[in-house]
Amino acid sequence: MTRRPPRLVFLTIAAERQLRRWIARRGAHTAGNGGQGFGAPAAGVLLHLADHPGATIGEITAALEASPAGASGLLARMERADLVRRRADPDDRRTVRLDLTPTGTAALDDVRAALAEVNDRLTDGFTDDELATVARWLEHVRHSLG
């Protein structure tokens, strides 16, 4: 009898859904974000801006692998929640740059704490070699289907 291979597509999608739900639940209870709560995409924006202050909307869209319309809506909501602020590029007024606000910087601490917590939970019980294999497989999926 032939052994059925693992249902990797289903498992990957289900795991991604659970991660998004966990992040959204965790974000809903986060202090310092105006009570708005935030999900994985907003957390991604905060993390990207922490490493790339003054990034353009296009750079953030590319980093999140998001659609321009989706990123635009997300950034508008984040601006209303006082997490980010827009400013004109001094060299090209058509270019909009984004920065974290003090509220966004405070929320970033909560995002980092949440990521540390979820990473600890997800990696518990696995060896470094096993985790390296999982990471390599996920990168393979990302690049081979992109």
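Contact here means that heavy atoms lie within 4.5 Å. The model I am reading is predicted.

**Entry 1: His48**

I picked His48 and asked where it sits. It lies in helix H2. Which residues does His48 touch, not counting residues up to four places away in sequence? I found Ala55, Glu59, Ile60 and Ala63. Is His48 buried or exposed? His48 has a relative accessible area of 17%. Buried means under 20%, so His48 counts as buried.

**Entry 2: the whole chain**

Next I stepped back to the protein chain. I counted six helices and three strands. I then read the elements from the N terminus on, and the run is α-α-β-α-α-β-β-α-α. Along its principal axes, the C-alpha trace spans about 65 × 35 × 25 Å.

I looked up burial for the chain too. Of its 146 residues, 25% are buried. The chain exposes about 10,000 Å². Carbon and sulfur atoms supply 56% of that area.

Residues 24 or more positions apart account for 51% of them.

I noted 20 positive and 19 negative charges. How far apart are their mean positions? They are 8 Å apart.

**Entry 3: the sheet**

I moved on to the strands. In what order do they stand in the sheet? The order is E1-E3-E2. The sheet is open, has three strands and pairs them in the antiparallel sense. Why is one side of E1 and of E2 left without a neighbour in the sheet? Strand E1 (55-56) and strand E2 (84-88) stand at the edges, and each has a single partner strand, so one side of each has no neighbour there.

I took the pairings one by one. Strand E3 covers residues 96-100. It pairs with E2 over five bridges, antiparallel. Within E3, Leu98 stands opposite Arg86, and Val96 is the bridge partner of Ala88.

E1 also runs antiparallel to E3, and two bridges join them. I looked for the partner of Thr56 and found Arg97, in E3.

**Entry 4: a helix across the sheet**

I went back to helix H2, the helix that holds His48. Helix H2 spans residues 40-51. Which strands does it lie across? It lies across E1, E2 and E3. Its direction makes an angle of about 95° with E3.

**Entry 5: Ala14**

I turned to helix H1, which spans residues 8-28 and holds Ala14. The relative accessible area of Ala14 is 23%.

His140 is 126 residues from it along the chain. Their C-alpha atoms are separated by 18 Å.

**Entry 6: Pro68**

How far is Pro68 from Trp22 in space, C-alpha to C-alpha? I read 25 Å. In sequence, Pro68 and Trp22 are 46 residues apart.

Key:
Residues are numbered from 1 along each chain as its sequence is written. This is a predicted model: local features need pLDDT of at least 70, side-chain atom pairs count only at pLDDT 80 or more; totals for chains, interfaces and linings use all residues. Side-chain values use heavy atoms; hydrogens and water are left out. Helices (H or I, at least four residues) and strands (E, at least two) are DSSP runs, numbered from the N terminus. Buried means under 20% relative accessible area, exposed over 50%, partly exposed in between (1.4 Å probe, protein chains only). Accessible areas come from the Shrake-Rupley method with a 1.4 Å probe; for residues, only the protein chains shown count as cover. Lys and Arg count as positive and Asp and Glu as negative; His and the chain ends are not counted. The place of a charge is taken as NZ of Lys, CZ of Arg, CG of Asp or CD of Glu. Two strands pair if DSSP finds at least two bridges between them. Axes are lines fitted to C-alpha atoms, for helices over the stretch in contact, and angles run from 0 to 180 degrees between N-to-C directions.
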